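Trainee: I would like to go through this structure step by step. Where shall we start?
Mentor: With the aromatic rings, then the sheet and the core.

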Amino acid sequence: MKEEKQEVRIDKWLWSVRLLKTRTLAIEACKKGRIMIQNMTVKSSRMIKRNEVIQIRKSPVVYSFQVIDLFERRVGAKLVPDYMKDVTPASEYQILEMTKASGFIDRARGTG
């Protein structure tokens, strides 16, 4: 059953679509400036609407997700594509691949 909502708090939505494990982590990510809408950091109480693009900064990549539908309760992993769409540019994924490939080279001696 889908709930018809016009707006939902961003921390609840991030948790409900399984982008972050807990609401506490979603709130902390907002406080640390890792959650953005239109390249501006947002507070956890920010109300989001359908079709907005949410950016999540997880170093070294900035992931982008379009809000398809709003929901406050956690949904099953199979239902996640009904609520969001990954619109992250391919260039961001290339950065991630390059970082993974060169990860062992950049590590300081004695830290591994």
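Trainee: How many aromatic pairs does the count come to?
Mentor: This is a predicted model. Ring centres must lie within 6.5 Å for a pair to be counted. By this rule the count comes to three.

Trainee: Is the pair of Phe71 and Tyr83 stacked, edge-to-face or tilted?
Mentor: The ring centres of Phe71 and Tyr83 are 5.2 Å apart, with 40 degrees between the planes. Planes under 30 degrees apart count as stacked and over 60 as edge-to-face, so the pair of Phe71 and Tyr83, at 40 degrees, is tilted.

Trainee: How many residues apart are Phe71 and Tyr83?
Mentor: Both Phe71 and Tyr83 lie in the loop between strand 6 (61-67) and strand 7 (84-86). The pair links distant parts of the chain, and the separation is 12 residues.

Trainee: Are Phe71 and Tyr83 buried or exposed?
Mentor: The cut-off for buried is under 20% relative accessible area. Phe71 is at 7% and Tyr83 at 4%. Phe71 therefore counts as buried, and Tyr83 is likewise buried.

Trainee: Which residue of strand 3 is the bridge partner of Ile37?
Mentor: The open sheet of five strands has the order 3-2-5-6-7, with antiparallel pairing. Strand 3 (40-41) is an edge strand and pairs on one side only. Two bridges join strand 3 to strand 2 (residues 35-37). In strand 3, the partner of Ile37 is Met40.

Trainee: Which element supplies the largest share of the largest nonpolar core?
Mentor: That core has 27 residues, and Trp13 and Ile54 are among those with the most contacts inside it. Helix 1 (10-16), helix 2 (23-31), strand 2, strand 5 and strand 6 each supply at least two of its residues. The largest share, four residues, comes from strand 6.

Trainee: Why does Glu52 count as buried, and which backbone nitrogen does its side chain reach?
Mentor: Glu52 lies in the loop between strand 4 (47-48) and strand 5 (53-58). Its relative accessible area is 17%, which is under the 20% cut-off, so Glu52 is buried. Glu52 touches Ile37 and Phe65, among others. At 2.8 Å, the side chain of Glu52 reaches the backbone nitrogen of Lys49.

Terms used:
Residues are numbered from 1 along each chain as its sequence is written. This is a predicted model: local features need pLDDT of at least 70, side-chain atom pairs count only at pLDDT 80 or more; totals for chains, interfaces and linings use all residues. Side-chain values use heavy atoms; hydrogens and water are left out. Buried means under 20% relative accessible area, exposed over 50%, partly exposed in between (1.4 Å probe, protein chains only). A polar contact is a pair of N or O atoms within 3.5 Å; within protein, one must be able to donate a hydrogen and the other to accept it, and residues adjacent in sequence count only if both atoms are side-chain atoms. Contact means heavy atoms within 4.5 Å. Rings of Phe, Tyr and Trp (its six-membered ring) pair if their centres lie within 6.5 Å; planes under 30 degrees apart count as stacked, over 60 as edge-to-face and the rest as tilted. Two strands pair if DSSP finds at least two bridges between them. A nonpolar core is a set of buried Ala, Val, Leu, Ile, Met, Phe, Trp, Tyr and Cys residues joined through side-chain atoms within 4.5 Å. Lists of a residue's contacts leave out its neighbours within four places in sequence.
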